[in-house]
Amino acid sequence: MKLSKYNVWAQCRGREFVYNSRTGSLLKVPLGTEQLLSAATAIAESDAPEVLVQGGVILPDSTDELALLRNRYEFGRTAKSHLALTVISSLGCNFDCPYCYEDKRPEIVKPDVERAILKFVDERIAKGLKSIVVQWLGGEPLLGKKNILRMSHEFRARSERHGIDYRSYITTNGSLLTRRVANELVDAGVRRAQITLDGPPEVHDCMRPTRNGAGTFWKILGNMKAVADIIPVVVRINVDKENFVHIDELLDILEHEGLKDKIEVYVGHLISVNDGAAQPSATYTRSCFNTRGFATTERYFNDSATARGFRSRVLDGPILTPCMAMREEEYVIGSMGELYKCWKSVGNNNEVVGNIAEYENLNSRVHRWLTYDPFEDAECVSCSALPVCMGGCAHHTFDRRLFEDRCTTFRYESRHRVVQFIEQVESAKSSAGR
């Protein structure tokens, strides 16, 4: 027997734990287990604790973990039983964020595009779908609210009729997410809303103003408070080197406004994106973190949020592929029916791979996405984070300027992430016991 190369050992509150990123198992073990097993020249099968074998922490000598991951990746890339779609209900937006990479146009999904999307879904259902996930994105997607509600009801009706698991989420700037709208979304099957706040009012209002330059912080916060008991809300905080120093001020406000127990919070990595199109972010001059620097700031944020009692995302689990861009017949669908493989390409005509009305006739741009292979990258193959990132962001891999930012922060913070997760679980238990 041998130790998995994907074990993360950590000590927390006087106890020892091991997390295996390939299986996703997190186990409490006797103190000194890591030292004992690491010092062993060989591990006899009879001496291997069954729980560690089942969790993938200890493996037969003949096990090729890399081959297991490669097979997992190929399965995820070609599987026909799951469908994920990102639909741009509106490419227009009522905000003018300086870091936005989209070349926004006042476009709302047209009826012919809706019909083509539903026809595509029907054809996939006929091939044996078991689950559908739809992400509503913009621009500001709620500018196309009627389209979202209409298509959502159609998606859900089809799913119920065929016994298919259906999940739907929306990413919105929050300005139009009133209590009435939240009820409409939930009735249509939307399960979660992600909203962005980039700091306290004076910071956020500079980073996310309306098109006429007005502030948006208090409007968004008021809507969050109004809908948090209707639809689960996730708050994303985009950070760079300038606004990160104000993060604790934002958490103070969220706590003071009674949202601590009602929302989930996490930080997003601002990266300058320029694919050669006329993108607004091409003029964004604020200082962005590289991935290693962002990992440090994310650690601080998670520690601070957990200590305050907020729920935040801290522990990456094993995945099949990095995202839908690698998977066959999964697309980002633009408001005019144009197809992309990556949501970071939205609005860039240079990245369009086809049209939903003729989705079987894609152009050659799709080839690089469907042939992306992290197992050809020696650095990825040797990295202990491979099971939870599977090569990371292909969009960044293709751009030599962003290549070093293709990785997830788990690569640099795995041990601390495990500790943070355990602290969250223990804090939750303590709160439940009060």
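A cavity is defined on a 1 Å grid over the protein atoms alone as a set of points where a 1.4 Å probe fits but cannot get out. A pocket is an open set with protein on both sides within 12 Å along at least five of seven lines, and lining residues have an atom within 4 Å of a point. Grid points are joined across faces, edges and corners, and a volume is the space filled by probe spheres set on the points. The model is predicted: local features need pLDDT of at least 70, side-chain atom pairs count only at pLDDT 80 or more, and totals for chains, interfaces and linings use all residues. Residues are numbered from 1 along each chain as its sequence is written, and side-chain values use heavy atoms, with hydrogens and water left out.

One cavity of 30 Å³ or more is present. The largest cavity holds about 90 Å³ of space. Its lining includes Cys380, Cys383, Cys389 and Cys407, along with Glu379, Arg406 and Arg411. Helix 12 (378–381) and helix 13 (386–389) each give two or more residues to this lining; helices are DSSP runs (H or I, at least four residues) numbered from the N terminus. By class, the lining has six nonpolar, three polar and three charged residues. Here Ala, Val, Leu, Ile, Met, Phe, Trp, Tyr, Cys and Pro count as nonpolar, Asp, Glu, Lys and Arg as charged, and the others, Gly among them, as polar.

The second largest pocket contains about 290 Å³. Twelve residues line this pocket, and Gly309, Phe310, Ser427, Ala428 and Ser431 are the closest to its centre. Helix 10 (291–308) and helix 15 (410–432) each supply at least two lining residues. Helix 15 gives the most, with four. The lining comprises two nonpolar, five polar and five charged residues.

Helix 4 (residues 111–126) packs on helix 5 (residues 145–162) at about 15 degrees, with the axes 11 Å apart. Axes are lines fitted to C-alpha atoms, for helices over the stretch in contact, and angles run from 0 to 180 degrees between N-to-C directions. Helix 4 is therefore roughly parallel to helix 5 (angles under 35 degrees). Contact (heavy atoms within 4.5 Å) involves residues including Ile117, Leu118 and Val121 of helix 4 and Met151, Glu154 and Phe155 of helix 5.

Helix 5 also packs on helix 6 (residues 179–187), at about 25 degrees and with the axes 9 Å apart. These two helices are therefore roughly parallel. Among the contact residues are Ile148, Leu149 and His153 of helix 5 and Val181, Glu184 and Leu185 of helix 6. This contact has five nonpolar, one polar and five charged residues.

Notes
Parallel < 35°, antiparallel > 145°, perpendicular 65-115°, else oblique.
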